[in-house]
Amino acid sequence: MTHAVSRHAALTSLALAIAAPAAFAQATPDTFDPIVVTATRTPQKTSELLANTAIITSEDIARSGAGSVTELLQKQRGIEVVRNGGAGTASSVYIRGANSTQNIVLVDGVRIGSSTLGTANWSPVPLANIDRIEIVYGPLSTLYGADAIGGVIQIFTKKGSGTPVVGASVGFGSDATRQYDASVSGATGGYNSLSYSLNVSKEKSDGFSATKPANTYYYNADKDGYDKKSVTGQLGFQLAKGHDLGLVFMNSKLDAQYDNGPGYDARGNQKLENIGVFMNNEFVQGWHSKVQVAEARDKANDDGSARAGAKSYLETKQSTFDWQNDIAIGIDTLQLLASYRKEEVVSSAKPILNRARDTKSLAASYTMQRDQHLLSASLRRDKMSETGSTTTGSLGYGYQINNALRATASYGTSFRQPTYNELYYPGYGIASNRPEKGRNAEVGLRYDDGKTQLSAVYYHNRVTDLLIYAYTCPVEVATHTDGCAYNVNKALLEGITLSGRRKFGDFGLSGNIDLQDPRDQTLEKSLVRRAKRHANFAADYSIGQLNTGAEWQLSGKRFEDAANQTTLGGYGLVNLFATYQVARDWSVLARWNNITDKKYELARNYNTAGSNFFVGLRYGSK
């Protein structure tokens with residue numbers, strides 16, 4: 001790396017991460033050690049993981065007062081968000097500088113996303129129905145297949161256990177924002193236990209104008225509001241000891257306005273419909289099998305208020321079958337996976353996109369632990385009906401230096417399959433486009449003594465056959481006179497991520513800093529809309545039934561174009577929050593975001609929220 005991050009800086013930062021904890025903390029046995037599923041496809045303690053992970057808990061979500069999942073993700077380390085307006089508008093999520101098409105999003109193990117755009121549709125995802133979010137950084141193609149170059153984000157909806165629980169909340173905020181949700185969950189217990197969870201929510205807001213006057217083609221001074229309705233649920237049934245059957249589903253509908261020029265009240269209707277059926281079996285001691293059959297539908301319907309005056313409909317359907325086997329070999333674990341995924345697209349505007357493709361996959365991984373040493377290796381083969389076969393692999397090693405400090409190193413390969421648009425869209429796609437390929441190496445240190453948590457990670461992810469838009473198409477010139485998507489570039493995603501948090505009695509501090517240099521190595525330019533430096537800091541204080549705190553979000557400048565000619569300025573946002581337990585089953589939340597009314601842009605000539613507030617009341621009883 002030659003610009004924002006040097007290798008000398010990386011080594012210095014790692015050394016500081018080792019030295020810093022000893023200065024103000026002593027090890028204690030009550031180490032914070034949450035369970036993570038996404039990093040290995042099985043529940044595992046954080047202390048036993050080699051992958052770099054982050055968890056957003058239900059408490060974090062409730063306290064955040066965020067209006068969308070992307071607002072919540074924007075505060076996490078290694079993540080940047082671009083949004084074309086308010087909470088109901090199109091959003092992109094970048095992990096470690098990787099493009100939004102180079103990441104995978106799962107909801108309860110079901111993959112979501114558009115096969116034409118290659119990105120997840122974040123806007124309809126219901127924030128109120130989420131139990132937790134797991135983020136795993138780095139290449140995970142050996143576990144999840146195509147597109148896991150930058151990382152994987154998995155959203156878990158609320159599930160039932162124990163005695164019945166009833167909950168409800170209501171909230172109001174700026175721009176006439178209203179939020180309502182209700183839930184019921186529990187389990188019958190006993191030999192043939194039935195667990196259940198049902199969550200419904202509604203969000204509505206008048207919003208604000210998505211565009212600025214300088215966006216002359218799309219600008220419209222009207223407010224761009226949204227109306228979101230969602231229902232999620234889970235059912236689980238214990239057939240016998242070691243044998244479980246379950247169902248998960250999500251149905252979310254978003255009706256959102258967007259700007260498409262003066263005089264047009266443009267609206268888009270978006271739906272996410274997911275359903276998955278799974279069975280867990282322990283056939284013999286040490287052999288756990290999980291079979292999941294799932295279907296995800298991503299539907300987008302424009303109401304016809306666009307300039308062309310015509311309605312359009314686009315739907316992606318993904319059908320998946322996964323059979324995972326976890327086999328204990330002594331204290332080691334062998335994981336074998338067989339997977340099948342079929343993608344189907346229906347487009348009213350571009351019939352040439354109406355087609356299907358499938359991917360057949362086989363994968364194996366092995367994890368072993370010997371004293372202070374932890375080693376993992378994995379290999380996967382994906383056979384795609386359109387672009388051929390791709391093999392990926394990974395190797396990781398961890399060493400427990402003492403009870404609190406661990407060092408890790410890993411190397412992994414990954415790939416991204418071209419989208420339908422990059423292959424077939426008239427005047428844009430090239431049918432011979434190849435998958436992008438990534439090669440990532442990283443080293444890290446993690447310190448956790450139960451009170452203090454610190455981590456430092458240096459990563460070096462080289463991506464080849466990068467698909468970009470070339471204004472002069474080098475192939476099929478006769479049919480692509482205005483350019484095309486083409487495998488021409490290579491990129492380097494390199495950086496350092498530092499994070500930590502510390503409790504001082506009732507007072508807590510946390511923060512993360514990303515020093516990165518995502519670069520297009522062909523052009524020797526920074527990748528679009530990615531800052532070389534961004535950070536988040538927070539402080540909270542609890543006294544009696546009151547918890548209060550402040551956040552500080554920071555981002556350096558970014559470039560709007562590949563030539564790095566148009567600059568998006570850096571920004572800093574300050575947010576305040578407070579929660580108060582008014583009674584055993586009642587709590588109130590107040591949040592004031594962007595208290596200085598900072599004017600900034602995430603995308604050129606698109607508005608972002610100014611100073612805004614939110615207050616909410618929650619009830620929950622057992």
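Modeller: The dialogue below goes from the overall fold to individual residues. This is a predicted model, in which local features need pLDDT of at least 70 and side-chain atom pairs count only at pLDDT 80 or more, while totals for chains, interfaces and linings use all residues. Residues are numbered from 1 along each chain as its sequence is written, and side-chain values use heavy atoms, with hydrogens and water left out.

Biologist: How many helices and strands does the protein chain have?

Modeller: Helices (H or I, at least four residues) and strands (E, at least two) are DSSP runs, numbered from the N terminus. Here the protein chain has five helices and 35 strands. Its radius of gyration, taken over C-alpha atoms, is 24 Å, close to the 25 Å that the globule rule gives for 622 residues, so the chain is as compact as a globular protein of that length. The globule rule is 2.2 Å times the number of residues to the power 0.38. Along the principal axes, the C-alpha atoms fill a box of roughly 65 × 55 × 55 Å.

Biologist: What share of the residues in the protein chain is buried?

Modeller: Buried means under 20% relative accessible area, exposed means over 50%, and partly exposed lies in between (1.4 Å probe, protein chains only). By that rule, buried residues make up 50% of the 622 residues.

Biologist: Let us turn to a single residue. Where is Asn536 found, and is Asn536 buried or exposed?

Modeller: Asn536 is found in strand 29 (residues 533-543). Asn536 counts as buried because its relative accessibility is 9%. A polar contact is a pair of N or O atoms within 3.5 Å; within protein, one must be able to donate a hydrogen and the other to accept it, and residues adjacent in sequence count only if both atoms are side-chain atoms. In this model the side chain of Asn536 reaches the backbone oxygen of Lys75 at 3.4 Å. Leaving aside neighbours within four places in sequence, the residues in contact with Asn536 include Gln74, Gln76, Trp552 and Gln553.

Biologist: Is Tyr191 buried or exposed?

Modeller: Tyr191 counts as exposed because its relative accessibility is 54%. Tyr191 lies in the loop between strand 11 (177-187) and strand 12 (194-208). Beyond its neighbours within four places in sequence, Tyr191 is in contact with Gln238, Ala240 and Lys241. The C-alpha atoms of Tyr191 and Phe237 are 9.9 Å apart, although these residues are 46 apart in sequence.

Biologist: What of Ala300, and in which strand is Ala300 found?

Modeller: Ala300 is found in strand 16 (residues 287-302). With a relative accessible area of 29%, Ala300 is partly exposed. Not counting residues up to four places away in sequence, Ala300 touches Asn269, Ser312, Tyr313 and Leu314.

Note on methods: Contact = heavy atoms within 4.5 Å.
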